[in-house]
Amino acid sequence: MKVVILCGGFGTRIRDVADNIPKPMIPVGRYPILWHIMKYYAQGGYMDFVLCLGYKSDLIKDFFLNYEALTRDFTISLGNAKTPEFHTRHDESDWRVTLAETGLSAMTGARVRKIRTYIGDDEDFMLTYGDGLGDVDLDRLLKFHKSHGKILTVTGVRPPGRFGELMANGLGLVTEFNEKPQATGGRISGGFFVCRRELFDYLDDREDLVFEQEPMRRLVDTGQNDGF
């Protein structure tokens, strides 16, 4: 099953962190966050990736084109055209990565539509963002998706509170204080989706098509969206 990862946004909210690289390439330890997301899927057995590229796509391409040299020991003989002699291995040898240019200014829905050809004849595919990790049981997620027969499954998570919570009695005496507690009601999208190929019927060719808006609302209205 293919894993589609949205990697094309401008990342305007992280410009104060890194304004010279795309958001999925922000390093976490030795490797970019995109690599950690892919590693998480790969540990679950999902190793066929389609990356939807846009802003500074050359940096993402360079990372994968030079992946062998970046991750393995090698010997190179200068002055001839022979390929390097690699001495070590890495754990990503089974990965298949398709890097698709989906436009500099395309929104999320437009990007997903543009990689339809790379889904091939697969009935289902996974979809996520190139800047967020989560502790999601991918096998359970897929099993749930197949059990309800809907077009789209979205993970739901409870967000942490933005502020500390203070509880007081009638006399104004503080009885409890919790720093940024997890919300007790309501959920937000966790960013891990499973989609049936019929999703493409809900996507048109507008560059400004936002996946999380009109297409998802239509899926909800037609009863084709379920939460995990």
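**Entry 1: the chain as a whole**

I began with burial: buried residues make up 38% of the 228 residues in the chain. Buried here means under 20% relative accessible area, exposed means over 50%, and partly exposed lies in between (1.4 Å probe, protein chains only). I keep in mind that this is a predicted model, where local features need pLDDT of at least 70, side-chain atom pairs count only at pLDDT 80 or more, and totals for chains, interfaces and linings use all residues. Residues are numbered from 1 along each chain as its sequence is written, and side-chain values use heavy atoms, with hydrogens and water left out.

Next I looked up the surface. The accessible surface of the chain comes to about 13,200 Å². Carbon and sulfur atoms hold 50% of that surface. The areas come from the Shrake-Rupley method with a 1.4 Å probe, and for residues only the protein chains shown count as cover.

I then listed the secondary structure and found seven helices and 13 strands. Both are DSSP runs numbered from the N terminus: helices are H or I with at least four residues, strands are E with at least two.

I also checked contacts, meaning heavy atoms within 4.5 Å. Among contacts between residues at least 6 apart in sequence, 72% join residues at least 24 apart.

**Entry 2: the sheet**

In which order do the seven strands of the open sheet lie? I read β7-β4-β1-β8-β12-β9-β13, with mixed pairing. Two strands count as paired if DSSP finds at least two bridges between them. The edge strands are β7 (96-101) and β13 (225-227), each pairing on one side only. From one strand to the next, the twist averages 25°.

Helix α2 (residues 57-65) packs on this sheet. I saw that α2 touches β1, β4 (48-53) and β7. The direction of α2 makes about 160° with that of β7. For such angles, axes are lines fitted to C-alpha atoms, for helices over the stretch in contact, and values run from 0 to 180 degrees between N-to-C directions.

**Entry 3: strand β8**

I followed β8 (residues 124-129) next. Five of its six residues are buried. Strand β1 (residues 2-7) pairs with β8 in the parallel sense over four bridges. Strand β12 (residues 188-196) runs antiparallel to β8, also joined by four bridges. L127 shows both pairings: V4 stands opposite L127, and L127 stands opposite F193 in β12.

**Entry 4: the cores**

Which residues have the most contacts inside the largest nonpolar core? They are I5, Y41 and L51, in a core of 28 residues. Such a core is a set of buried Ala, Val, Leu, Ile, Met, Phe, Trp, Tyr and Cys residues joined through side-chain atoms within 4.5 Å. β1, α1 (33-43), β4, α2, α6 (138-148) and β12 each supply at least two residues of this core. Helix α1 gives the most, with seven residues.

I looked up the neighbors of I5, leaving out residues up to four places away in sequence. The residues that I5 touches include L34, I37, M38, L51, T128 and Y129.

**Entry 5: salt bridges**

I counted 13 salt bridges in the structure. Each is a side-chain nitrogen of Lys or Arg within 4 Å of a carboxyl oxygen of Asp or Glu.

What does the pair K114 and E207 tie together? K114 forms a salt bridge with E207, with the closest N and O atoms 2.6 Å apart. K114 lies in helix α4 (residues 108-114) and E207 in the loop between β12 and α7 (214-221), so the pair ties together parts that are 93 residues apart in sequence. K114 is partly exposed at 38% relative accessible area, and E207 is partly exposed at 35%.

D124 pairs with K146, the closest N and O atoms being 3.1 Å apart. D124 lies in β8 and K146 in α6, so this bridge ties together parts 22 residues apart in sequence. Are D124 and K146 buried or exposed? D124 counts as buried at 10% relative accessibility, whereas K146 is exposed at 52%.

E214 forms a salt bridge with R206, with closest N and O atoms 3.0 Å apart. Last, I noted a network: salt bridges that share partners join K2, D48, R96 and D122.
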